[in-house]
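Please keep the sequence and the model in view while reading.

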Amino acid sequence: MARNFIRESSAKENETFLKRMDVPSKESWSPENGPKSVGGNSYCSSLKMFLVALSFAYFSKTLSGSYMKSTITQLERRFDIPSYLIGVIDGSFEIGNLLVIAFVSYFGAKLHRPKIIAVGCLLMSLGTFIIALPHFISGRYEVETSVRSSNSTNNLTICLASSPSVQAGNQTSIGSNTGCENESKLSMWIYVLLGNILRGVGETPIQPLGISYIDDHALEDNAAFYIGCVQTISVIGPVFGYLLGSLCAKIYVDIGFVNMESIRISPGDARWVGAWWLGYLIAGLITLVSAVPFWFLPKSLPVPEGQLAKCSPERTSFIKESPVMDHKYHADEQASFLRLAKDFMPTLRSLLGNPVYILYLCVTVIQFNSLIGMVTYKPKYIEQHYGQSASKANFLMGVINIPAVALGMFSGGVLMKKLKLSIMGAAKFALGTSLLGYFLSMFFFALGCENAKVAGITVPYGRMGSLSLKNSTLFDECNKHCMCSETEWDPVCGEDGLTYVSPCLAGCRMSDGPGMKTVFQQCSCVAVGNLTASVGQCIHRESCQQVFPYFLALSVITSFIISLGGTPGYMLLIRCIRPQLKSLALGFHTLTTRTLAGIPAPIYFGAIIDTACLKWSHKKCGGKGACRIYNTTAYRIAYLGLTLGLRTASFFLCALGLLVLQRHVKRQESGTLSNGNTGSTVAELQALRKEETNNSNSDQSPRTSDYDPERETRL
């Protein structure tokens, strides 16, 4: 009865006060005019327009983010950089986000939120265009090759043609000095780094300001549904991002500027670079279009007829006061800000003093390291380990893996609702699904492939005996007279089923045919048949092709099972803290995971993957470039071992956190039983009466009333 009386009286006072306000004679209201109720159709159309605009912005930002991950191997090869530098580029997005998230979250809520989101979309679009800029200001992509003439004609002497270039190596380096100087002065991947940082800066306001705008202006019954719709739309973005990456990876990087018949590499070659820039132009254009609707949206939406009395004072506080109250409003706001600033450190200490929250934070940081590193390099793992093209790897990620994750998260939420899981039940459910996915992931170690048979690197010439990877050498009796370069990577497949690093190292003396139809002849190292070799690596890994479908099936199952615990795990974060600390806890959780997982994980994952490289490309100025071929076994152990090793460490903290949470829940239950329901009701009534008294002493303004139905249910 007390609660109902307070709710009704509070609503009536609000309505009476707003009716007495001096409102301009406009049909709608603006932040400068003050509030006025309008027709429901106008309100609904404005809110729906914002929902559509925000959903499109979510779609564009997730599309460009997933496209960035789909182009990792393309960027490596185009700019001739190792994996750890790609990790730096990928993590730079989080750096840009962290640079401005505090300013945007605080000042953005006080300014015109739709226009700030529009500015963010423009910055994201600009950053995406900057990423594509190196393609237009640098020269054409030069494919690493030992055959100097791309238009190969009959009777080209490969072996002897390579000899002078090696003997006159100093002369060659002098001749390419200009290219070396240009390369050393300006590394083009810096533009990609700066563009990705700008993307991170632009993405910052979309989520906090967009979600808060919906929550402030939608009816309480509809707000959760609207936010859920926006989050669902954002899942579609990565699907299209990876599919766009798959499409662009099929197209040659300099399409339209080179004769494709003269290109002697295929999309499955380690030197192939797709039209990576094209996808960034498309993503940037989509992001640019997503900014347009926000410029036409108001700072605050009008209040529909019949709903003014239902708005809680927390929401109506966004409605500007009348001129009479303006001075009082600013004085209260300044005092409130000083009080909040003074209370920040004690509040933060209170949050960090919660052992359940701290353990949850540590667990998610470790598991996010595992997740981000795994997702970032999964397309590359599929390419290098199973011999798939970048196009196919991205296609599989977009069509199979991402939908499995989305379905798992949705199913987890449905199960939590159906089973009516408590906080303890949610924790056990999340831990159970994570453990099940962990044990299933162990089978990935068994789904491995053998190393590609490359003469002088993984197998000896002539297949005789075994070859230690540490003692590998590219030279043998069959090619020592050619005096070939050992730094070039121009693989050919001999009739004997071996891959040779270059036609010269295969001992080939002649070639016939243009482009992909080139056949190298009189290859002294090919000891069978007609002594010929064809362009590209040998694809004789039948056992690997048989294992690959099982890898895909297991990948889908594990992704779905692990994602099942995502929603219950997130609800555990919300429920393990006091309601008044929820916003701070979520913000601190996002800040910590991005700082300690989003930035470092791609870097050290890339550095560890680099240790499995068997053959590096070489830059014009010297030094290692991109990796051409990996030790498959070492790659599998490094990638899967690091992913599962991090998750193993997190389970020890999970067990400890479960024990602490169990004690916390038991202590709460015993405290509730000892206090009884009567004491709790009295405390609630006293708190509500105290608030009512304070409000009546503060100019009788509904804005100063701190009543909130949500807070009432938490007492």
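Is C484 buried or exposed? In this predicted model, C484 has a relative accessibility of 5% and therefore counts as buried, the cut-off being under 20%. The points below cover the disulfides and then the nonpolar cores.

**Disulfides**

- Six disulfides are present in the structure.
- C484 is bonded to C504, with 1.8 Å between the sulfur atoms; the link is left-handed, at -85° about the S-S bond.
- This pair connects distant parts of the chain, 20 residues apart: C484 is in the loop between α17 and β3, and C504 is in the loop between β4 (499-500) and β5 (510-512).
- C504 is buried as well, with a relative accessible area of 2%.
- Another disulfide joins C478 to C525, at 1.9 Å from S to S, and it is right-handed, with 95° about the S-S bond.

**Nonpolar cores**

- The largest nonpolar core has 31 residues, and L75, F79, I89, W276 and Y280 have the most contacts inside it.
- Elements giving two or more residues to this core include α3 (72-79), α4 (83-107) and α12 (276-291).
- Beyond its neighbours within four places in sequence, F79 contacts P134, M188, W189, V192 and W276.
- A second, separate core of 28 residues includes A393, I609, Y630 and Y639.

Terms used. Residues numbered from 1 in each chain as written. Predicted model: local features only at pLDDT ≥ 70, side-chain atom pairs only at ≥ 80, totals over all residues. Heavy atoms only, no water. Core = buried A, V, L, I, M, F, W, Y, C linked by side-chain atoms within 4.5 Å. Buried < 20%, exposed > 50% of the residue type's maximum accessible area, 1.4 Å probe, protein only. Helix = DSSP H or I, 4+ residues; strand = E, 2+ residues; numbered from the N terminus. Contact = heavy atoms within 4.5 Å. Disulfide = S-S within 2.5 Å.
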